[in-house]
Amino acid sequence: MSAKTRGLTSARDLAYCGLFGAAALAFPVVFHVLRLGHVFMPMYLPLVTLAFFVRPAPAATTAFLVPLLSGAVTGMPPFYPPVAVFMSLELAIMAGLISAIVTKRPKVNEWTVLVPVLLLGRALYVGLVYAFSLAIALPAGFMAGLSFLGGWPGIILMIVVVPPVAKLRRGRPGAAVPAREGLKSAYFDSIAARWDGWEDLPALDAALASALERFGVGPDEAVLDVGCGTGNLTRAVLSRLSSAGRVTAVDISPRMIEEARRKIRDPRVDWLVADVRRLPVPGASFDRVFCYSVWPHIDDPGEAAAEIGRLLRPGGLLYVWHLSSRSRINEIHATAGEAVRHDLLPPAEETADLLRKHGFLATTVIDDEAQYLVVATYEGKGPEERMEAPAGDACALA
Amino acid sequence: MRALWHDSWGSGRGPAVRLAPEARIAAGAALFAASLAAPAGTGRGIALIAFVATAWTAACGMPLRAVKSFALLGAAMFLPYFLLVPLLTGAGTPGPSGQGGFLSALAAPWDVVLHGFAGLFLTAATVTSLSASDFRRGVLALPLPRLVTGVVIQIVHQTAVLFAETGSVAAAIAVRSGSGRAGTVLRVLASVPRVWLPRIIHRADRVSAAMELRGYAETDLRVMGPTKPRAADAAAIGAAVGLLALAAAIRWDWIR
């Protein structure tokens, strides 16, 4: 089950919210030692930064709760006048907006998001101060003006400090990437250097070549290799392609891609560190998609099938494929690392049913002691309806 | 503030500590609302605010040291509002002797100071009646959204860890640089964008990996062990809600 289906938050989001929320409580302490707390708005800095790393709901919730928690425990900011509440509202709106924008457009420039949102937040805060001062007969213009002028050093500090830190989110599991994927990526990173040592490579190459011959991979085809690992299938496919053919090789593990690139230096390959469910590739780009030794590691196979459908040309072929039996695959995963322990391969018929629900026609279904293979033809929507690439969180390497 | 954070949790020794954690939080919240609802411009309102704040602070057994700290903090935060009086005097309506303008100008700062002090002590007293584990138990027992309870519990847990880590970083900087307190703080501040925040990000990655491995996100947050509603808890919450209703009645009477 992916974090997305579990609810609005994941362990990763909770960990980030906890630590950045704690930082937002601790950070003002350092500033208050120098009597700079009011000037530089130190509570804002970690909470605004957090918004670049987690999804909107946890970001806004954390930003809303921290001033209230700080007010309750340390008395700062005070509950009356309701500075804590005003800060909560301002921060929650800013954090929610930033996170929503960044989740929707992961590659957006941090400064272009941050500056308008900070100005909007400040305007909201000043407006709230003005309204409240008016309500309790304090000099509203004076109080609002004081709040407006007092906030600028803090805003400038955030504009200088937050974007460089927020850039760190690139190249790591992003705001929209569920936690388990980050864990899997780390797991496969950790075993990338040893992977080929566990294979009988000559035997594997022969088996792959023979299978690709049977599948009839043509010389000018565009092929997507999902979960390419160290590139063994990529190399086998390349050996069948002409100079017009090309392969896009995708994996969530940067180290696996590094290993593969070290082995294969071929201009016909595009390497991508990405999640198959959000590939930044135009629709109807491929004749064949191979999911070789990867299907059980995909957290939401339905979502992946839909995305693969988008990427395939009409009549394009998808192969869900293992060169071992299902029971053997599941046995290996059950005793492997915690990150993949629950990654079980379903019966091939189940996979075929799932593919049918996403516009595929399953033409071959094999689930025996020698191999696991589901071949399906995409018969879904036409290419004109599926040309737009989703906002993927990918790192193109070549 | 760091001292306040550490000294506050669970330092109370009053009778309220024997209530269930969720009852302490609920009663504290109701009393806080009562202190806000009561008007600071009438004798009955002032008496109610003062009674609620004093009684709850005593019931929670807030240590004298914390009382002094919060009193000083409150004075620093709220008394400056009296500096606005000259700005407000012109707006007031002077009486025959000219004192009416001054007295009416005092009303708004007085409102802020009284409510501010009361709110400060009520929230601080509630926190002193709760240890970190009480707080976790209480928050989980209250009918709050799971996202809220999860985030609050994580923040409280991580704050103690982060204070310790920040202290270690500051101590290391102080030893290596040989600078005094202000110099150390300045160096810590300078390290924020390049060291402190990236360290937090790396730590968050490690913590999330550990949480994921232990199946934290897949486990519903639950109170450890069943809690039975007790008469004392119900009485405390009932009394707090009653005071809230009284405050609302006084406010209604004052408005009319």
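The legends below describe close-up views of a predicted model.

Local features are given where pLDDT is at least 70 and side-chain atom pairs only at pLDDT 80 or more, while totals for chains, interfaces and linings use all residues. Residues are numbered from 1 along each chain as its sequence is written, and chains are lettered from A and ligands numbered from 1 in the order in which they are written.

Figure 1. Helices (H or I, at least four residues) and strands (E, at least two) are DSSP runs, numbered from the N terminus. An α-helix has 3.6 residues a turn, so residues three or four places apart point the same way. Just after H16(A), A:Gly359 adopts a positive phi of about 90 degrees.

**Figure 2. Packing of helices H7 (residues 110–135) and H8 (residues 140–150) of chain A.** The two helices pack at an angle of about 155 degrees, with their axes 8 Å apart. Axes are lines fitted to C-alpha atoms, for helices over the stretch in contact, and angles run from 0 to 180 degrees between N-to-C directions. H7(A) is therefore roughly antiparallel to H8(A), a term for angles over 145 degrees. H7(A) contributes A:Tyr125, A:Val126, A:Val129, A:Tyr130, A:Ser133 and A:Leu134 to the contact, and H8(A) contributes A:Ala140, A:Met143, A:Ala144, A:Ser147 and A:Phe148. Two residues are in contact if their C-beta atoms, placed from the backbone, lie within 7 Å.

Figure 3. A:His297 is buried, with 22 other C-beta atoms within 10 Å. Neighbours within four places in sequence aside, A:His297 is in contact with A:Lys184, A:Gly227, A:Val340 and A:Asp343. A:His342, 45 residues away in sequence, is 8.8 Å from A:His297, C-alpha to C-alpha.

**Figure 4. The loop that holds A:Gly218, between helix H11 (201–215) and strand S1 (222–226) of chain A.** A:Gly218 is partly exposed, with 13 other C-beta atoms within 10 Å. Its C-alpha atom is separated by 9.4 Å from that of A:Asp287, 69 residues apart along the chain.

**Figure 5. The largest nonpolar core, of 127 residues.** A nonpolar core is a set of buried Ala, Val, Leu, Ile, Met, Phe, Trp, Tyr and Cys residues joined through C-beta atoms within 7 Å. The residues with the most contacts inside the core are A:Leu47, A:Val48, A:Leu50, A:Ala63, A:Ala95 and B:Leu31. Helix H2 (residues 11–33) of chain A supplies the largest share, 15 residues. A second, separate core of 58 residues includes A:Trp271, A:Val281, A:Phe290 and A:Trp321.

**Figure 6. B:Leu31 and its contacts in chain B.** Residues up to four places away in sequence not counted, B:Leu31 touches B:Val52, B:Trp56, B:Leu122, B:Ala240 and B:Leu243. Chain B has 11 helices and zero strands, and buried residues make up 41% of its 256 residues.

Technical notes. A residue is buried if 20 or more other C-beta atoms lie within 10 Å of its own, exposed if 12 or fewer, and partly exposed in between; C-beta atoms are placed from the backbone. Angles under 35 degrees count as roughly parallel, over 145 as roughly antiparallel, 65 to 115 as roughly perpendicular and the rest as oblique.
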